[in-house]
Amino acid sequence: MTNALIVIDVQNDFCTGGGLAVPGGEEVVADINAMMDDFDAVILTQDWHPARHSSFATSHAQAAPYDMKDMHYGPQVLWPDHCVQGTYGADFHTDLRTDGDLILRKGFRSAIDSYSAFFENDQSTPTGLEGYLRNRSITDLTLVGLATDFCVYFSAVDAARLGFNVAVRPEACRAIDLDGSLAIALEAMQAAGVSV
Ligand code: VGL
Ligand code: ZN
């Protein structure tokens with residue numbers, strides 16, 4: 001068994017004061033730093049959007065943050081601007097250890113969002129992470145980071161569907177909790193065979 005810690009989107013915009021602040025987002029940093037030494041591989045993901053990304057409410061006429069919008073790939077939440085490539089908001093939290101093996105960026109295509117670290121929101125465009133993990137014979141994944149009910153959730157369910165053994169450590173995650181999304185995510189992860 002080869003295990004990897006996958007640290008999802010611990011970036012300034014998801015922490016207090018950020019563009020899409022997740023309540024208590026920065027509280028996960030110390031736990032995650034301490035966990036890193038316990039794994040064969042550490043992978044960090046970074047939400048990495050071009051300016052005027054299609055998931056931003058400001059990219060659409062008469063739209064407000066948290067509205068839903070039908071995209072060509074299905075319904076999409078419209079978010080406040082966040083994690084624009086090269087900005088402070090897209091940087092990892094200053095105290096996060098970034099001495100992992102791989103930094104994977106996602107959400108870089110203007111027309112499509114990517115919550116999952118494995119597939120974009122059309123559920124079919126791969127990010128390349130599956131191939132990386134398989135090439136390194138990694139079978140067991142532990143996911144932590146932000147946000148429990150979006151990027152952690154979609155990454156965990158995709159990983160389980162791909163056949164990895166997947167655990168999520170909720171104490172090292174924080175949620176956005178939009179209209180009950182946290183409860184839905186916890187239930188769906190367990191139903192998909194993710195150990196929560
Ligand atoms: C995320 C919403 C939009 C996340 C990223 O990291 O959970 N959520 N972009
Ligand atoms: Zn995003």
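A nitrogen atom of ligand 1 lies 3.1 Å from an N or O atom in the side chain of Asp47. This is a predicted model. Two further side chains place polar atoms by the ligand: Asp9, at 2.7 Å from a ligand oxygen atom, and His82, at 3.1 Å from a ligand nitrogen atom. On its own, ligand 1 has 260 Å² of accessible area, and the protein covers 100% of this. The ligand sits in the largest cavity.

**Surroundings of ligand 1**

- The residues around ligand 1 are Asp9, Phe14, Leu20, Asp47, Trp79, His82, Tyr115, Leu146, Ala147, Phe150, Cys151 and Ile176.
- Sorted by class, this shell holds 9 nonpolar residues, 1 polar residue and 2 charged residues.
- Asp9 and Asp47 count as charged, and both belong to the shell.
- His82 counts as polar, and a polar atom of the His82 side chain is 3.1 Å from a nitrogen atom of the ligand.

- Asp47 is part of strand β2, which covers residues 41-47.
- The relative accessibility of Asp47 is 3%, so the residue counts as buried, the cut-off being under 20%.
- Besides the ligand nitrogen at 3.1 Å, the side chain of Asp47 has a polar contact with the side chain of His82, at 3.0 Å.
- A polar contact also links the side chains of Asp47 and His49, at 2.9 Å.

**Asp9**

- Asp9 lies in the loop between β1 and α1.
- Asp9 is not a glycine, yet its phi is positive, at about 50°.
- With 0% relative accessibility, Asp9 counts as buried.
- A polar atom of the Asp9 side chain is 2.7 Å from an oxygen atom of ligand 1.

**The cis peptide bond at Leu146 and Ala147**

- Leu146 and Ala147 are joined by a cis peptide bond with an omega of about -15°.
- Ala147 is in the loop between β6 (140-146) and α3 (148-161).
- Leu146 and Ala147 are both among the residues that surround ligand 1.

**The loop between β2 and β3**

- His53 is located in this loop.
- The relative accessible area of His53 is 0%, so His53 is buried.
- His53 and Ser110 are 57 residues apart along the chain, and their C-alpha atoms are separated by 4.8 Å.
- Ala57 belongs to the loop between β2 and β3.
- Ala57 is buried because its relative accessible area is 3%, where buried means under 20%.
- His60 is found in the loop between β2 and β3 (68-71).
- A polar atom of the His60 side chain is 2.7 Å from the backbone oxygen of Ser54.
- His60 has 17% relative accessibility and therefore counts as buried, since the limit is under 20%.

**Gly25**

- Gly25 is in the loop between β1 (3-8) and α1 (29-35).
- At 0% relative accessibility, Gly25 is classed as buried.
- Gly25 and Asp40 are 15 residues apart along the chain, with 25 Å between their C-alpha atoms.

**Partly exposed loop residues**

- Gln123 lies in the loop between β5 (102-106) and α2 (129-135).
- Gln123 is a residue other than glycine with a positive phi, near 70°.
- The relative accessibility of Gln123 is 49%, so Gln123 counts as partly exposed; exposed would mean over 50%.
- Asp177 is in the loop between β7 (165-174) and α4 (181-191).
- Asp177 has a relative accessible area of 43% and is therefore partly exposed.
- The C-alpha atoms of Asp177 and Glu130 are separated by 28 Å, and the two residues are 47 residues apart along the chain.

Notes:
Residues are numbered from 1 along each chain as its sequence is written. Chains are lettered from A and ligands numbered from 1 in the order in which they are written. This is a predicted model: local features need pLDDT of at least 70, side-chain atom pairs count only at pLDDT 80 or more; totals for chains, interfaces and linings use all residues. Side-chain values use heavy atoms; hydrogens and water are left out. A residue is near a molecule or strand if one of its heavy atoms lies within 4 Å of it. A polar contact is a pair of N or O atoms within 3.5 Å; within protein, one must be able to donate a hydrogen and the other to accept it, and residues adjacent in sequence count only if both atoms are side-chain atoms. Accessible areas come from the Shrake-Rupley method with a 1.4 Å probe; for residues, only the protein chains shown count as cover. On a 1 Å grid over the protein atoms alone, a cavity is a set of points where a 1.4 Å probe fits but cannot get out, and a pocket is an open set with protein on both sides within 12 Å along at least five of seven lines; lining residues have an atom within 4 Å of a point. A molecule sits in a cavity or pocket if more than half of its atoms lie within 2 Å of its grid points. Helices (H or I, at least four residues) and strands (E, at least two) are DSSP runs, numbered from the N terminus. Buried means under 20% relative accessible area, exposed over 50%, partly exposed in between (1.4 Å probe, protein chains only).
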